[in-house]
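Hi everyone, thanks for making time today.

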Amino acid sequence: MDNTCLFCRIVAGEIPATVVHRTETTLAFRDIDPKAPTHVLVIPVEHYADVAVLAEANPSAAADLLAAAAAVAEAEGLTGDGFRVIFNTGRNGGQEVFHVHAHVVGGAPLGPMLAGK
């Protein structure tokens, strides 16, 4: 755990979150600034800076993270019409919290992949 990391503090219960799914290795909670009708963040309970670091260091945890994202999409009723799983990696990729997290978004048409294209 990184005591300065927002998501590590959520895992530890120090910061409240609306949890929608939990496993031994993952935690999923609603984004506080949703970009779609459904916007859930899925994180590993262990701290990894980004998805590239996670994939290199612990492929099993990466698989658990994807499985949890799929379970969230199913539970949120997104599988019929579709959804996105997004990993922002690094500053240029738009990552704001440097604890790997997947955004599961859906519930409405999401538009183009990249803004301003």
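Let's start with strand E3, where seven of seven residues are buried, so the strand is mostly covered. One thing to keep in mind as you look: this is a predicted model.

Which way do the residues of E3 point? Thr38, Val40, Val42 and Pro44 point one way, while His39, Leu41 and Ile43 point the other way, and all of them are buried.

Now, who are the neighbours of E3? On one hand there is E2, which runs antiparallel to E3 and is joined to it by five bridges. If you want a place to look, find Arg30, whose bridge partner in E3 is Val40. On the other hand there is E5, which also pairs with E3 in the antiparallel sense, over five bridges. Here the example is His39, whose partner in E5 is Val105.

Gly77 sits in the loop between helix H3 (59–75) and E4. Is Gly77 buried or exposed? It is exposed, because its relative accessible area is 58%, and exposed here means over 50%. Gly77 and Val40 are 37 residues apart along the chain, and their C-alpha atoms are separated by 13 Å.

Next, the aromatic rings. A search of the whole structure turns up one aromatic pair. The partners are Phe7 and Phe29, in an edge-to-face arrangement, with 5.5 Å from centre to centre and 75 degrees between the planes. Phe7 belongs to helix H1 and Phe29 to strand E2, so this pair ties together parts that lie 22 residues apart in sequence.

Finally, the largest pocket, with a volume of about 860 Å³. It is lined by 30 residues, and the closest to its centre are Asp31, Lys35, His39, Asn88 and His103. Which element gives the most? That is H1, with three residues. By class, the lining holds 18 nonpolar, six polar and six charged residues.

That's my tour, and I'm happy to go back to any part of it.

How values were computed
Residues numbered from 1 in each chain as written. Predicted model: local features only at pLDDT ≥ 70, side-chain atom pairs only at ≥ 80, totals over all residues. Heavy atoms only, no water. 1 Å grid on protein atoms, 1.4 Å probe; cavity = no way out; pocket = protein on both sides within 12 Å on 5 of 7 lines; lining within 4 Å. Points joined across faces, edges and corners; volume = space filled by probe spheres on them. Helix = DSSP H or I, 4+ residues; strand = E, 2+ residues; numbered from the N terminus. Nonpolar A, V, L, I, M, F, W, Y, C, P; charged D, E, K, R; others polar. Phe/Tyr/Trp six-rings, centres within 6.5 Å; stacked < 30°, edge-to-face > 60°. Buried < 20%, exposed > 50% of the residue type's maximum accessible area, 1.4 Å probe, protein only. Pairing = 2+ DSSP bridges.
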